[in-house]
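Subject: Structure handover

Hello,

Here is the structure I said I would pass on. My notes on what was found follow below it.

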Amino acid sequence: MNISEIAKLAGVSSAAVSRYFNQGYISEEKREAIRKVVEETGYRPSVQAQTLRTKKTKMIGVIVPKIASASIGRVVEGILSVLNANGYQMLLAVTQNNPKKELEYLMTFSEKQVDGVILVATVFMAEHKRILKELTVPVVIVGQRLSGYCCIYHDDYQASYELTKLLLEKGRRRLGYIGAILQDTAVGAERYRGFRQAVCDMGLDELAENMVVAAFTVASGYEKAGELLKQYEGLDGIVCATDTMAAGVMQYLREHGIAVPEQILVAGQGDSEMARVTTPPLVTVHYSYEKSGEMAVQMLMEVLRQGETDLKEIKLGYYLVS
């Protein structure tokens with residue numbers, strides 16, 4: 001079977017069939033006629049032939065820091081839903097939180113001629129900015145804001161501020177904070193800045209330094225809970241940068257006979273399933289991770305169609321879950 005034969009069976013032109021397979025505009029009547037023939041014959045266009053003809057691979061490179069993460073999983077689900085709807089496939093690269101691997105994959109995707117790249121970013125070094133500038137394909141950044149680039153990110157500062165304020169309003173006056181590395185602007189620096197500003201605005205400046213840095217694991221949250229409680233005595237609340245860290249804190253407190261929330265109230269960020277299965281459920285923040293993935297692909301599709309996009313930066317909202 002070829003396009004001409006499909007066109008003949010559907011009673012349309014070869015150009016209409018070509019537009020059908022390339023997501024171009026055709027009337028709904030013609031689209032339905034072609035769809036029926038394709039379904040009956042099991043026809044699949046040659047990917048190699050399409051690539052040679054259109055110079056498009058119909059592949060999008062997606063770079064993520066890890067896969068054992070509820071938030072990253074939701075971002076990828078959002079990406080996949082829109083890619084599938086647009087007839088694109090995903091090439092997934094996992095960096096294992098290694099910024100140098102991000103650089104390698106960015107260069108590899110450019111060389112392998114994917115149509116575009118979605119980078120779920122963590123840390124930006126000078127080398128990142130140099131390579132991004134040299135990329136020959138469009139890129140959309142998810143989870144971080146980088147001036148001059150298409151990016152979808154969250155209101156990490158304000159969310160962490162409101163979360164901290166909530167604990168203070170619940171009467172907790174000896175808060176501690178477990179955060180991520182500050183080189184991670186969104187989850188590390190911005191969420192800690194929100195905590196810091198909230199306690200200062202409530203006249204509790206001395207709490208701003210009650211902070212330790214953890215890795216993005218339950219085990220690290222457990223370890224850092226012990227460290228935090230040893231360094232800063234008498235805490236009655238702990239705010240964490242992620243739900244995963246908070247789950248580790250809950251485990252530590254339970255094993256050491258500290259009642260939650262009676263003695264220490266624990267809050268995380270991310271509104272993951274883990275937050276709902278802890279006992280008691282975590283106070284947390286819902287970020288629109290799946291939506292960020294969907295919007296990243298939509299933005300990339302717009303650039304691929306038009307060569308540009310009107311919206312280069314989108315900051316998504318949040319809500320508290322308590």
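Asp-271 is a place to start: it is found in the loop between S9 and H12. Please keep in mind that this is a predicted model. Asp-271 has a positive phi of about 50 degrees, although it is not a glycine. Most residues other than glycine have a negative phi. Is Asp-271 buried or exposed? At 5% relative accessibility, Asp-271 counts as buried, because the cut-off for buried is under 20%.

Gln-96 also has a positive phi, near 55 degrees, and is a residue other than glycine. Gln-96 lies in the loop that runs between strand S2 (89-94) and helix H6 (99-111). Its relative accessible area is 68%, so Gln-96 is exposed; the cut-off for that is over 50%.

Next, the cis peptide bonds. As background, most peptide bonds are trans. The bond from Val-260 to Pro-261 is cis, with omega near 5 degrees. Pro-261 sits in the loop between helix H11 (243-255) and strand S9 (265-267). The bond from Thr-279 to Pro-280 is cis as well, with omega near -5 degrees. For Pro-280, the place is the loop between helix H12 (273-277) and strand S10 (284-287).

Now the sheet. In what order do the strands of the open sheet of six strands come? The order is S2-S1-S3-S4-S5-S11, and the pairing is parallel. S2 and strand S11 (313-316) stand at the edges. Each of these two has a single partner strand, so one side of each is left without a neighbour in the sheet. From one strand to the next, the twist averages 15 degrees.

Within this sheet, strand S4 (residues 139-142) and strand S5 (residues 150-154) run parallel and are joined by three bridges.

Regards

Key:
Residues numbered from 1 in each chain as written. Predicted model: local features only at pLDDT ≥ 70, side-chain atom pairs only at ≥ 80, totals over all residues. Heavy atoms only, no water. Helix = DSSP H or I, 4+ residues; strand = E, 2+ residues; numbered from the N terminus. Buried < 20%, exposed > 50% of the residue type's maximum accessible area, 1.4 Å probe, protein only. Pairing = 2+ DSSP bridges. Axes fitted to C-alpha atoms, helices over the stretch in contact; angles between N-to-C directions.
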